[in-house]
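Hi,

Here is the structure I said I would pass on. Have a look first, and then read my notes below.

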Amino acid sequence: MTTTIGIDIGGTSVRAAVLDGTEVLGPPLRDTTPRTERETEDLLVTLITKLAATRPVEAVGLAVAGFVSADRRRVMFAPHLAWRDAPVPQRISERVGLPVVMDHDVNSAAWAEFRRGVSAGSPLALLIALGTGIGAGLVVDGRIYRGAHGVAPELGHLTVVPDGRPCPCGKRGCWERYCSGTALAQTARLRMADHDAPVLRRLCGDDPDAVTGTMVAVAATEGDPVALHAMDDLGRWLAVGLALVTDVLDPEVIVIGGGVSAAAGMFLPLAASEFAGSITGAGHRPLPRVELARFGDRAGIIGAGLLAAEAVGGA
Ligand SMILES: [Zn+2]
């Protein structure tokens, strides 16, 4: 086994751990994502130095929440990170003296599931990460599919409702506005205006603007009617999106990951049954398996570590 460091760099936090294959050795180190390029890189160097002092490490993998160039040498743009057209792996490698590879965070998660998780060996595996928005990663014939310019597949911003809910991307009616943690909160908030939501009102301190996706998930487990409605609504929108992407890609497996997937028991059965009934040619074609991700919120770290190991000839 090759020993690596995997780092997941998200918009709010950076998490880093040493890995032996897919085994994360010890709890990941965590810090708040800095706001400038230099501070972000300084933090990465600090984390790598700390972890590399605990045991010999051969390579570093970065899983970045942003657009990564097709050659994986530059972060082109990231809405919640400071980097703009930045050669991040080269900069970090020069400072720590280790090989550094980088990929998009959901690509890394999709790779972890493909190499060692629920989509292992699949000829066409799609990972849908339900979090603040929707991230997607696609592995085709054993390779991460990146598109011509490195930004595919950007499924969260498929338009599912013309002139629908506004999206920070500038469009309206994007899939992730109806099917994400943010969507759970918004759907619940809208319905609270004219429906009883005793648990949710208690959790948000009677301030609907304070409702979060996590609160909706908790309230749903306690039987709150508005929270349960929001979960059903998310399940139906998940089915709509899964049918769309299945018509385009015909995947063998669709893996559902991301933070919202922790509440999958509340929406995935409905999503799977609606999806099976609504797809083009329903009943006359094989459907993809729909599976819950194995690696949870560590998939980015694990995928980054695996990609780093493979870059130096190990795994
Ligand atoms: Zn959008």
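Predicted model: local features only at pLDDT ≥ 70, side-chain atom pairs only at ≥ 80, totals over all residues.

Glu222 is partly exposed, at 43% relative accessibility.

That is one of 18 salt bridges in the structure. Two others I looked at:

- Asp103 and Arg146 meet through their side chains at 2.9 Å, N to O. Asp103 sits in strand 8 (residues 100-104) and Arg146 in the loop between strand 11 and helix 4, 43 residues apart. Both ends are buried: Asp103 has a relative accessible area of 1%, and Arg146 has 17%.
- Glu310 and Arg115 form a salt bridge with their closest N and O atoms 2.6 Å apart. This pair joins helix 9 (residues 299-311) to helix 3, 195 residues apart. Glu310 is partly exposed at 25%, and so is Arg115 at 26%.

There is also a salt-bridge network linking Asp8, Arg15 and Asp297.

Now the zinc ion. His157 (ND1), Cys167 (SG), Cys169 (SG) and Cys174 (SG) coordinate the zinc ion at 2.0 to 2.3 Å. The arrangement is tetrahedral, because the 4 donor atoms subtend angles of 105 to 116°. Along the chain, the donors follow the spacing H-x9-C-x1-C-x4-C. His157 and Cys169 both lie in the loop between strand 11 (143-144) and helix 4 (181-192), so this pair ties together parts that are 12 residues apart in sequence. Cys169 is partly exposed, with a relative accessible area of 40%.

Last, have a look at Glu113 in helix 3 (residues 105-116). Glu113 is buried yet has no salt bridge; Arg294, the nearest side chain of opposite charge, is 5.5 Å away. A polar atom of the Glu113 side chain does lie 2.9 Å from the backbone nitrogen of Phe295. Further along the chain, Glu113 touches several residues, including Leu127, Val255 and Ala293.

Val255 belongs to strand 12 (residues 253-257) and is buried, with a relative accessible area of 1%. Besides Glu113, the contacts of Val255 include Leu126, Ile128 and Leu292.

Cheers

Conventions
Residues numbered from 1 in each chain as written. Heavy atoms only, no water. Donors = N, O, S within 2.8 Å, 3.2 Å for Na, K, Ca; no water. Tetrahedral: all angles 85-135°; square planar, octahedral: opposite > 155°, others 65-115°. Helix = DSSP H or I, 4+ residues; strand = E, 2+ residues; numbered from the N terminus. Buried < 20%, exposed > 50% of the residue type's maximum accessible area, 1.4 Å probe, protein only. Lys, Arg positive; Asp, Glu negative; His and termini not counted. Salt bridge = Lys/Arg side-chain N within 4 Å of Asp/Glu carboxyl O. Polar contact = N/O pair within 3.5 Å; in protein donor to acceptor, adjacent residues only side chain to side chain. Contact = heavy atoms within 4.5 Å. Lists of a residue's contacts leave out its neighbours within four places in sequence.
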